[in-house]
Amino acid sequence: MIDIIANATSGKGNGKKCLTAAVSYLDERSIPYAVHETYAVGHARALAERLCASGADTIVALGGDGTFHEVLNGIDFDKARLGLIPAGRGNDFAIGTKTADLDPVRAIADIVRGEPRELDYIRVADKRCLNVVGTGLDVEVLLKTAKSRNKLSYVASLFRCLLKFKPYHVVVEADGETKEYDCIMVGVCNGSQIGGGIRLAPTAVADDGKLDVIIMEKPKHVSTVLVMPKFVKGKHMGKPYTHHIVCESVKVTTPAKLQLDGEIYELDFDASIVKNGVKTFGRSGTDK
């Protein structure tokens, strides 16, 4: 039995199209399933908790990264395995890590095929994060694009925020070392991209048991706005204003809010990797 938690309104209608394609695939093969549509913030998490409590063993999250985040935080991996069908506008986790096919038929086929795979997730307090935990500029951009998170709006808002954003002081503790920075953002990454294709941590791998910490300072000898194209394409790595730390846990002292998978929280920024914490399904690369 496959239980699908679906945000049919995700991706400007993409959710509904993906759901139709997925259930058609299951109907054609007489594979039993149930669809549970979400209707409010937090509903997907509550559905995942209820389904696990009632004995579900395969729970599929169909929607964008926000839907993935909610189901991730509601699922009990001792009882169920998580399938992913990307149906948002950006689909940053799926695209950046190639862990789920963007074609809904191939995605559901991989889930039905049932090859087990394990991925990591980031833990912050009692919250799980699949893709990126961030603070600073990315939070400001998310707040401004809350009603329109497509790539164009995110990049346009990023440009506007860069013009006004003032660096803030953070203390970063990782691997037994403590360093201080005046930065514009800190990203702790399991996945490699945010904002509909901005390659924040192009070397991040979602199953290596490591966090990729990206600390961006304000460039000293060039306008921050001129750096933006490099940032979008992932070419900021190795530049003097970019610091990259690979570790298993990190603590960032900051008064700012955090974003986890694009959702805003007020939490202490104390993150650790949970290796093989996500029980999911492997990709075949072909439709079956």
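Author: Buried means under 20% relative accessible area, exposed means over 50%, and partly exposed lies in between (1.4 Å probe, protein chains only). Now the ground rules. This is a predicted model, in which local features need pLDDT of at least 70 and side-chain atom pairs count only at pLDDT 80 or more, while totals for chains, interfaces and linings use all residues. Residues are numbered from 1 along each chain as its sequence is written, and side-chain values use heavy atoms, with hydrogens and water left out.

First, the setting. Helices (H or I, at least four residues) and strands (E, at least two) are DSSP runs, numbered from the N terminus. The protein has 8 helices and 15 strands. Its radius of gyration is 19 Å, close to the 19 Å that the globule rule gives for 288 residues, so the protein is as compact as a globular protein of that length. That radius is taken over C-alpha atoms, and the rule is 2.2 Å times the number of residues to the power 0.38. The C-alpha trace spans about 65 × 40 × 35 Å along its principal axes. Of the 288 residues, 55% count as buried. Contact means heavy atoms within 4.5 Å. Among contacts with a separation of 6 or more, 72% come from residues 24 or more positions apart.

Two strands pair if DSSP finds at least two bridges between them.

Start with β9, residues 177–189. β9 pairs with β7, residues 132–136. They run antiparallel, with 5 bridges. Here G134 stands opposite G187 of β9. β9 also pairs with β8, residues 168–174. That pairing is antiparallel too, over 7 bridges. Y168 has C183 of β9 as its bridge partner. β8 and β9 form a hairpin with 2 residues between the strands. In this hairpin D175 takes a positive phi near 55 degrees.

Then comes β10, residues 211–217. β9 and β10 pair in the antiparallel sense over 6 bridges. C189 faces D212 of β10 across this pairing. The loop between β9 and β10 holds G196. G196 is buried, at 16% relative accessibility.

Next, β5, residues 116–124. β5 pairs with β15, residues 269–281, in the antiparallel sense over 8 bridges. R117 stands opposite T280 there. β5 pairs with β6, residues 127–129, as well. That pairing is antiparallel, with 3 bridges. R123 has R128 of β6 as its bridge partner. Again a hairpin joins the pair, with 2 residues between the strands. A125 sits in the loop between β5 and β6. Its phi is near 55 degrees, a positive value in a residue other than glycine.

D261 is another such case: its phi is positive, about 55 degrees, and it is not a glycine. D261 lies in the loop between β13 (258–260) and β14. At a relative accessible area of 8%, D261 is buried. In β14, residues 263–265, we find I264. I264 counts as partly exposed, at 35% relative accessibility. Its C-alpha lies 8.3 Å from that of L142, which is 122 residues away in sequence. Beyond its neighbours within four places in sequence, I264 is in contact with residues including V139, L142 and L143.

Now a parallel pairing. Strand β1 (residues 2–6) and β2 run parallel, joined by 5 bridges. I5 has H36 of β2 as its bridge partner. β2 covers residues 33–37 and has two faces. A34 and H36 make up the covered face. Y33, V35 and E37 make up the uncovered one.

A80 lies between α3 (65–74) and β4 (81–86). A80 is buried, at 4% relative accessibility. Leaving aside neighbours within four places in sequence, its contacts include C52, A56, I75 and K279. K251 is another matter: it is 171 residues from A80 in sequence, and their C-alpha atoms are 31 Å apart.
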